[in-house]
Structures are given as C-alpha cells and as structure tokens.
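Thanks for coming, everyone. Please have the sequence and the model open while I talk.

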Amino acid sequence: TIPAVYRAWDFAASSVARLEMGVWRGGSVIPERVVTTSQARLFAGVPNPRQSWFLFWYIAQMSLEARSNCYLWKTKNAHGQVIALTALHPDQVCPIPAENGDLLYDIRFDGSVPQPPDVRGYGQVTVGAETIIHIRGAGTIGELVPPSPIERFRTSLGIALAKQNYEANLYENGVLGGL
C-alpha cells in the first residue's frame, strides 16, 4: 500500500505542477490575463534561480500531500514586493508560537534543502509570517502543525507492514513445505 500511496501523491503533485499560473482579471464572463503587475511578472519568469515553476509547485503539493504542511519563502525587494518564491522542504521548518500568539518559523539551511536567493551561507534563521507562507493541511483545532498522513494512520500502516513481514518470514522459513 505504501508504494501506491506514494504514487498517488506523486501523481497529484505532478498534476498541480503542470498547471499554468498567472494573474487574471474579470468575473464569471471571460477572464482577461494581466501581464503588467508585479505578481504577473513573477509568474512570467521563474520562482527563484534554483527552482522551476514545475519543481516549485511539485514540492509545494508533495509537502501538502505527504506532510500536511507547505512552507513558501517570500523574497522581497526594497519596495516590499515579492520578487521570488522558494518552496521549502517541511523537514527544514519548525513552527514555534510567539508570545503574542503569532507563529515564528525556525528554518535550517544546510545545503541539502532548498535555499532562497536572499539567504547566504548555512545555519538557522527565525522568521515570521512576513517571510513565510504556511499552508496548513487538514488537522484539528489548536495544532501548530497538523500530523502527516503517515502519522495519522501509523497504526494501520504498522499493521500492514507487520503482516507483510510475517508473510515474508513464513515463506523464507519454508511454510509451504514440499509444494
């Protein structure tokens, strides 16, 4: 079941990653594509120097599917406009509650995970919502980070793995006898 689940996640992430992003104006009639805003210019290029839009959206969707959390780093210019987006790996981000009730994010950069263009070197940095877009997956009220599907269904997965191991051991130990 685990390979099938991974393949479903991969299919969903690839499907989302193939979608065309853009800025549109208009209601329910015929939308008109906008190309002159800063957001439209961002979507017209690449999200950052290290990720294509396909890879960016693949990481974002796979993070939601497999980890129930997606973290996007916003790189801004001097005017506060977002000029680059970087999809981070959920393992490199640790949300922590701030005293005022907001969330802060401890983010680790070690060369093995995506690094935004405005981050130099390796180490750890703590940032807030002005820098991180946190897209939460399904969870319960009050959770900082919803559990991943693996965490949520670990008992069922554990039973399936135990059954698989048990059956493999039976065949290895000659359960079929002379058949």
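Start with R7 and D10. Their side chains meet in a salt bridge, at 2.3 Å from N to O. By salt bridge I mean a side-chain nitrogen of Lys or Arg within 4 Å of a carboxyl oxygen of Asp or Glu. Both residues sit in helix α1, three residues apart, about one turn of the helix. Helices (H or I, at least four residues) and strands (E, at least two) are DSSP runs, numbered from the N terminus.

A word on the source. This is a predicted model, where local features need pLDDT of at least 70 and side-chain atom pairs count only at pLDDT 80 or more, while totals for chains, interfaces and linings use all residues. Residues are numbered from 1 along each chain as its sequence is written, and side-chain values use heavy atoms, with hydrogens and water left out.

Back to the pair. Is D10 buried or exposed? D10 is buried, at 16% relative accessibility. R7 is partly exposed, at 48%. The cut-offs: buried is under 20% relative accessible area, exposed is over 50%, and partly exposed is in between (1.4 Å probe, protein chains only).

How many salt bridges are there in the whole structure? Four. One of them joins R33 and E20, with the closest N and O atoms 2.4 Å apart. R33 lies in strand β2 (residues 32-34) and E20 in the loop between α1 and β1 (23-25), so this pair ties together parts 13 residues apart in sequence. E20 is exposed, at 60%. R33 is partly exposed, at 33%.

Another links R108 and D110, at 2.6 Å between the closest N and O atoms. R108 is partly exposed at 30%, and D110 is partly exposed at 37%.

Now the inside. The largest nonpolar core has 20 residues. Such a core is a set of buried Ala, Val, Leu, Ile, Met, Phe, Trp, Tyr and Cys residues joined through side-chain atoms within 4.5 Å. W53, F56, W57 and L72 have the most contacts inside this core. Two or more residues each come from α1 (2-17), α2 (38-44), α3, β3 and β4 (82-88). The largest share, eight residues, is from α3. Apart from this core lies another, of 10 residues, including L88 and I107.

Look at W57. Beyond its neighbours within four places in sequence, W57 is in contact (heavy atoms within 4.5 Å) with V16, A17 and M21.

Last stop, S68. This residue is in the loop between α3 (53-67) and β3 (69-76). S68 is not a glycine, yet its phi is positive, about 65°. S68 is also buried, at 4% relative accessibility.
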